[in-house]
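Hello,

Here is the structure I promised to pass on to you. Have a look at it first, and then read my notes below.

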Amino acid sequence: MRRVRAFFGGIHPKENKESTNSTPIQVLSAPEVVVVPLLQHAGREAKPLVAKGDEVLKGQPIAEADGRISARVHAPVSGKVAAIEPRPSASGRELTCIVIENDGQERWVERQTHPDPVQLDAQSILERIEEAGIVGMGGAGFPTAPKLTPPKGVIIDYLLLNGCECEPYLTADHRLMVEYPEEIILGAKLMAKACGARRIIIGVEDNKPDAIAALREKAGNIEVVALPTRYPQGGEKQLIQALTGREVPSRGLPFQVGCSVQNVGTAWAVAKAVRDGEPLISRVVTVTGSAVAEPKNFLVPVGTGFQAVIEAAGGFSQTPGKVVAGGPMTGGAQFGLDVPVTKVTGGILCFGVDESKTPDSQPCIKCARCVDVCPANLLPLKLEAYGMNEQWDNAREYGALDCIECGCCTYICPSKRPLLHYIRFAKAEIIARERQSS
């Protein structure tokens, strides 16, 4: 049995998964109009391949990648392009979107299937992943094909699949593992072949015994490891340390320690793309929270508005005080519900007014609890002060760029200080200055 190594820090927030962790995935029909952003990933916005008035088929490429760190975008429905224009997004920014009027006919583009995809060579697998517009579905959205292409001469020992889903409330990955273990195992094998990984390990938190059992039944010689339930167990560097004992250096990347880390949702999407010829045009989304009438997990077409998804979950059960895209630790509160689901939308959380009040922050009492829980071994109280006072050089020296933005520091702070807010502010400024000087 593989030895599990504990990472430094972390917290044990209340899980709040019981409303949806046993709820099977329901397929949500596409709305009459879908709004598809051209930026659903890390890197550069995709470039449109269609124009207003064009007829499109379901699965048809409607935007091409603009450079290596970018990703294709496909039509989630068949119909007519009504507009290409800026629209609100879950990120809080307006993004260029392709608006498609759904004709309701589900007319698919011709798909290239393969009955035994593991027989494909590595380059063919990578090409199909790239053509399908697959990005990391754990939240970061980094394009998958370049992530599976290590620098020349680098050997990948391990492909690690993240099945932890350590954020409270979210159960989309949990249900995928329970209901689609065969696809996840296939996707893992395909990605391992693509990057040349010698071994595959899937890490799942031990609060998901049904998911662990389902994966082990289909795993063959792939290791499925039960990990202690602790946030942020699913962080890339934390998962590498827990499963392999290797530590990624400061500002380093997993390939530097012979690892490639992918999400179980990404593995499912890879299997669908390489075996079935289906691009990434839908994803599983958890809709839950105290203000939702019927918490559920849905397979949602990309471009579906938050309003429609919440209505499919019975609508609001009380006046909402806050709607969050993603998890409660790393997600973002929304200005409105006229934003679309994208490739990286893992959850829509709806909270009542009483739960949504922002506490008044008090002066730091130097208790160092934020230091005790920081999984990146940083000094959050120092970084917050440097961010507040715009001391960018000091923030950089104290490791701001190593912050994984997990929110443990803000969660644990007895003075309710917005530590992560100011650390993010400092990181953004440091990165902008580095780009300007390069």
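**What I found**

The largest nonpolar core holds 48 residues, and Leu159, Ile184 and Ile202 have the most contacts inside it. (A nonpolar core is a set of buried Ala, Val, Leu, Ile, Met, Phe, Trp, Tyr and Cys residues joined through side-chain atoms within 4.5 Å; buried means under 20% relative accessible area, with a 1.4 Å probe and protein chains only.) Among the elements that each supply at least two residues of this core are helix H1 (122–131), strand E9 (158–162) and helix H4 (181–195). H4 gives the most, with nine residues. Helices (H or I, at least four residues) and strands (E, at least two) are DSSP runs, numbered from the N terminus.

Another core, of 18 residues, lies apart from this one and includes Ile310, Ala325, Val341 and Cys350. Cys350 counts as buried because its relative accessibility is 0%.

Cys406 is buried too, at 9% relative accessible area. Which cysteine sulfur is closest to the sulfur of Cys406? That of Cys408, but at 3.5 Å it is too far for a bond. A disulfide is a pair of cysteine sulfur atoms within 2.5 Å, and by this rule the count is zero.

Please keep in mind that this is a predicted model: local features need pLDDT of at least 70, side-chain atom pairs count only at pLDDT 80 or more, and totals for chains, interfaces and linings use all residues. Residues are numbered from 1 along each chain as its sequence is written, and side-chain values use heavy atoms, with hydrogens and water left out.

Best wishes

Note on methods
Buried < 20%, exposed > 50% of the residue type's maximum accessible area, 1.4 Å probe, protein only.
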